[in-house]
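Dear colleague,

I am passing on the structure below, together with notes on what was found in it. Please read the notes with the coordinates open beside you.

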Amino acid sequence: MQDDKLKELIKNLVQEYVAEPNRACAPIIQAGVFGTVNEAVSAAKKAQEKYEELSLEMRRKVIESIRCGMRPLIDEYAQAALDETGMGRFEDKVAKLTLAINKTPGVEDLRTEAETGDNGMTLYELSAYGVIGAVTPSTNPVDTLVCNAIGMLAAGNSVFFSVHPGAKNVCKQAIEKLNQLVYDACGIQNMIVTINEPSIEAAQELMKHPDVALLVVTGGPGVVHQAMTSGKKTIGAGAGNPPAIVDETANIEKAAADIVAGASFDNNILCIAEKSVIAVKDIVSYLILQMEKNGAYYVNEPEVIQKLVDMTIAENGSPSRKFIGKNASYILQEAGIAVDYDVRVIIMNVPKDHPFVVKEMLMPILPIVTTENFDEALCVGLEVEQRLLHTAVMHSQNIGRLNKAAKKFQTSIFVKNGPSYAGLGFGGEGAATFTIATPTGECTTTAKDFARRRRCVLTDGFSIR
């Protein structure tokens with residue numbers, strides 16, 4: 001009797017498979033995740049056409065749904081990003097994602113301008129581009145997704161995320177969740193899309209797709225250059241090599257604490273993080289002492305410094321992926337140095353042309369260059385920054401010097417008397433952003449940067465002055 005039941009069950013399963021052969025072998029695809037670039041962009045275009053008919057109040061509900069829905073998952077996504085990429089620190093990833101969720105502006109960033117006079121009224125309004133193609137990094141995977149999604153949807157766009165292959169799993173999970181939250185708020189699916197297997201070729205296809213109206217690229221100089229030569233409107237966030245100048249008028253105790261905090265935050269993988277310190281000779285010894293008190297490990301032996309160079313810089317001259325974003329204690333251990341506490345950052349005195357100074361290492365190794373005075377420090381800082389125009393930091397109580405440095409650097413972000421991450425809105429005033437558009441000049445991007453500026457003219461009224 002049991003054999004008859006088993007045969008009947010097998011028969012039914014076979015008949016079901018024959019009737020629907022594709023169902024049994026079809027992959028389980030997450031919401032918003034497609035097999036090809038064209039499928040994803042087409043879905044995003046259809047979604048955006050529905051979305052642009054919604055009211056601003058509905059967009060506000062969408063953004064609030066994202067904020068409320070993502071907050072309970074901050075720890076989960078921070079750990080998943082750390083596990084997949086192997087870079088950074090859990091507590092710092094929590095802080096970054098919290099910042100993106102809470103301080104990224106929404107619809108309120110879309111401000112109307114008006115001019116009135118004898119000839120009527122002219123309005124300048126911000127409206128959607130359509131489908132945005134956004135390239136995101138592995139260093140800030142989920143925080144960049146959330147930050148860009150809030151700004152881009154607030155401006156009325158849908159978005160295709162070309163995520164870094166090194167963070168594809170956590171990004172796909174986040175995109176699926178974001179889609180669910182948007183759908184719950186407005187009933188539209190596929191406002192945020194990606195593909196199952198991201199690649200360089202897929203990113204190149206995205207940049208050429210006729211239905212993608214705007215490219216927003218957060219990554220290295222290569223991918224930014226490729227986007228800028230695509231013929232499309234591009235917002236490019238490129239590389240940086242931020243120096244931190246410290247002169248003799250600075251509050252040295254605070255400067256040391258701020259520099260260690262900024263340079264060690266998420267193990268230095270943020271593009272805005274202090275990558276070197278340029279200090280005048282009168283205070284450099286005391287600065288190093290105070291940095292040690294705040295968790296820095298000072299390496300003084302030339303042979304150990306050279307060992308660190310040989311270990312962390314690959315044969316092709318690039319920083320070794322083995323050490324990018326790793327804890328300072330791990331790097332020291334690999335160099336044969338045992339420490340019994342959690343080192344935040346490794347520091348050493350080196351000349352201005354040292355590899356640790358001129359390269360963006362993306363690891364908690366912070367070289368210190370000593371100069372005779374402030375004027376020399378500023379010259380060295382400008383040389384080290386390499387006209388990337390990204391970020392610079394300065395600690396001083398001399399307003400004239402701070403003003404002079406701000407004019408000379410012309411960086412998108414200039415942080416004075418604080419840790420570098422204050423420039424992202426973390427412990428500093430201003431909106432949160434993880435796309436700092438230096439090559440294309442938009443600076444710290446928010447919703448207004450993801451919208452077209454349009455001029456609407458009425459010639460016969462509405463001047464009541």
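Helix α6 (residues 90-103) packs against α7 at an angle of about 5°, and their axes lie 9 Å apart. That angle makes α6 roughly parallel to α7, since angles under 35 degrees count as roughly parallel, over 145 as roughly antiparallel, 65 to 115 as roughly perpendicular and the rest as oblique. The contact, meaning heavy atoms within 4.5 Å, is formed by K96, L97, A100 and I101 on the α6 side and by V142, D143, V146, C147 and I150 on the α7 side. By class, this contact of α6 with α7 holds 7 nonpolar residues, no polar ones and 2 charged ones, where Ala, Val, Leu, Ile, Met, Phe, Trp, Tyr, Cys and Pro count as nonpolar, Asp, Glu, Lys and Arg as charged, and the others, Gly among them, as polar.

On provenance, this is a predicted model, in which local features need pLDDT of at least 70 and side-chain atom pairs count only at pLDDT 80 or more, while totals for chains, interfaces and linings use all residues. Residues are numbered from 1 along each chain as its sequence is written, and side-chain values use heavy atoms, with hydrogens and water left out. Helices (H or I, at least four residues) and strands (E, at least two) are DSSP runs numbered from the N terminus; axes are lines fitted to C-alpha atoms, for helices over the stretch in contact, and angles run from 0 to 180 degrees between N-to-C directions.

The residues in contact are M58, K61, V62, S65, I66, G69 and M70 of α4, together with K177, L178, L181, V182, A185 and C186 of α8, and by class they comprise 9 nonpolar, 2 polar and 2 charged residues.

Turning to the sheets, 6 strands form an open sheet in the order β1-β6-β5-β4-β7-β8, with parallel pairing (two strands pair if DSSP finds at least two bridges between them). Its edge strands, each pairing on one side only, are β1 (33-34) and β8 (233-237). Helix α7 (residues 141-154) packs on this sheet, where it touches β4 (131-135), β5 (158-162), β6 and β7 (214-218), and its direction makes about 155° with that of β5.

Finally, S329 is found in helix α14 (residues 328-334). At 18% relative accessibility S329 counts as buried, a term that means under 20% relative accessible area, with exposed over 50% and partly exposed in between (1.4 Å probe, protein chains only). Leaving aside neighbours within four places in sequence, S329 is in contact with V339, Y341, D342 and V343.
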